[in-house]
Amino acid sequence: MRALEIPLSSELEKLAAAGLTRQRRRLDSPVNPHVTVAGQKMLLFASNDYLGLAAHPDIIAALSKGARDWGVGSGASHLVSGHLEAHETLEQRLAEFTGFERCLTFSTGYLANLAVTPTLAAGRDDAIFADRLNHASLIDAAQLSRARQHRYPHGDMAALERLLSKSAAKTKVIVSDAVFSMDGDLAPLPDLFRLAERFDAWLVIDDAHGFGVLGAEGRGSLACCGIRPHPRILLMATLGKAAGVGGAFVAGSKLAIEYLLQKARSYIFTTAQPPAIAVAATKSLEIIQADEARRAHLQALIRQLRAGCAALPWRLLPSVTAIQPLMLGENDKALALSRQLWRRGLWVAAIRPPTVPPGTARLRISLSAAHREEDVAKLLHALRELAAGN
Ligand SMILES: Cc1ncc(COP(=O)(O)O)c(C=O)c1O
């Protein structure tokens, strides 16, 4: 080992000693509830393909046609020469769908989040107010800004109100996940909006896990909570989860979106997503809007899982979304249960720190409209047996 590598190696050893080493598992089949992993058939409860669209034949066909019509690469960033009609069509459809005036598309949700908060609140006179359980990409985004950072306890509106009332910042930005990715709970969106109005703040909402799943026609968490598009709201959502494709968008007023287009570094200094992906996402949006049966089936599966988990010794966190976390507490317990399920052909991810706070390791059961009732019954049966043996 070279001297240069010694600190890396000791850090990796520390991770291993704390039971925090992560592993990638290679799928040998498309993302579906029934996948093959190293020759073994597994029932998957670990993806974010909430509507079961990741291998939908119409979206595959749209992607192939998109590649034939537009080629593979976009060749440049949007502001240089990489902005194709395929991107613009997706932007327009997303604006119509969300009800916001305008949208920008990004290659990933991570990049989309990096574009918003540090661009709105860039200077030392500005302030960012973020829920403590916000997704890593929102936390990283805030760190790119010179603004003062305030993190309030998860969902604590009284704490947020106190912070806002004490702040003399020039520009205030409140940032929150809509559906928290490891807990599955919904942010108090109406309260967040009321506070944003009262303190004249921007409200940045990351709806990665609500878009497509919640609200009429899958319009997302804001629609689900009855919050209409408003110039002080910027909505981000990914297209790689319920939409089953990849990429993301930010929606807002014409002016706010123009501002991001001119100033957001993670929009300006990166190659535009392949146009065929935009064509596929446009098709996915059509299906999301039309196929209410997928959402109804997903909700039925959620009810089935929650009813079946009630008798288990582990607590299921309150969640109306496809994310259903089973709380184990210690890292070892979560890992052991995940491994025992794996041996029975059931793939449920164990989530440990630093993704979640220490002492709150859990199994993140993730449901998809592509699951059948018997798939959920199989998982419940295994959990009951393992609980009895513990
Ligand atoms: C809440 C949240 N925001 C943003 C992202 C990033 O989106 P993407 O995977 O498209 O980069 C994720 C997950 O990946 C997420 O869970």
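Predicted model: local features only at pLDDT ≥ 70, side-chain atom pairs only at ≥ 80, totals over all residues.
How many aromatic pairs does the ring-pairing rule give here? The count comes to 4 aromatic pairs, where rings of Phe, Tyr and Trp (its six-membered ring) pair if their centres lie within 6.5 Å, and planes under 30 degrees apart count as stacked, over 60 as edge-to-face and the rest as tilted.

Residues are numbered from 1 along each chain as its sequence is written, and side-chain values use heavy atoms, with hydrogens and water left out.

**Aromatic rings**

With 5.3 Å between ring centres and 70° between planes, F106 and Y267 make an edge-to-face pair. Helices (H or I, at least four residues) and strands (E, at least two) are DSSP runs, numbered from the N terminus. F106 counts as buried at 4% relative accessibility, and Y267 is buried too, at 2%; buried means under 20% relative accessible area, exposed over 50%, and partly exposed in between (1.4 Å probe, protein chains only).

W342 and W347 form an edge-to-face pair as well, 5.2 Å centre to centre with 80° between the planes. W342 is buried at 15%, and W347 is buried at 13%. Elsewhere, F97, F211 and F249 form one aromatic cluster.

**The ligand site**

The ligand is surrounded by 13 residues, and the closest are G109, Y110, D206, H209 and K241; a residue is near if one of its heavy atoms lies within 4 Å. Helix α5 (residues 109–120) gives the largest share of this shell, 3 residues. Here are some polar contacts (pairs of N or O atoms within 3.5 Å):

| Side chain | Ligand atom | Distance |
|---|---|---|
| D206 | nitrogen | 2.5 Å |
| H209 | oxygen | 2.6 Å |
| K241 | oxygen | 2.8 Å |

Taken alone, the ligand exposes 380 Å², and the protein buries 81% of that; areas come from the Shrake-Rupley method with a 1.4 Å probe.

Conventions. Polar contact = N/O pair within 3.5 Å; in protein donor to acceptor, adjacent residues only side chain to side chain.
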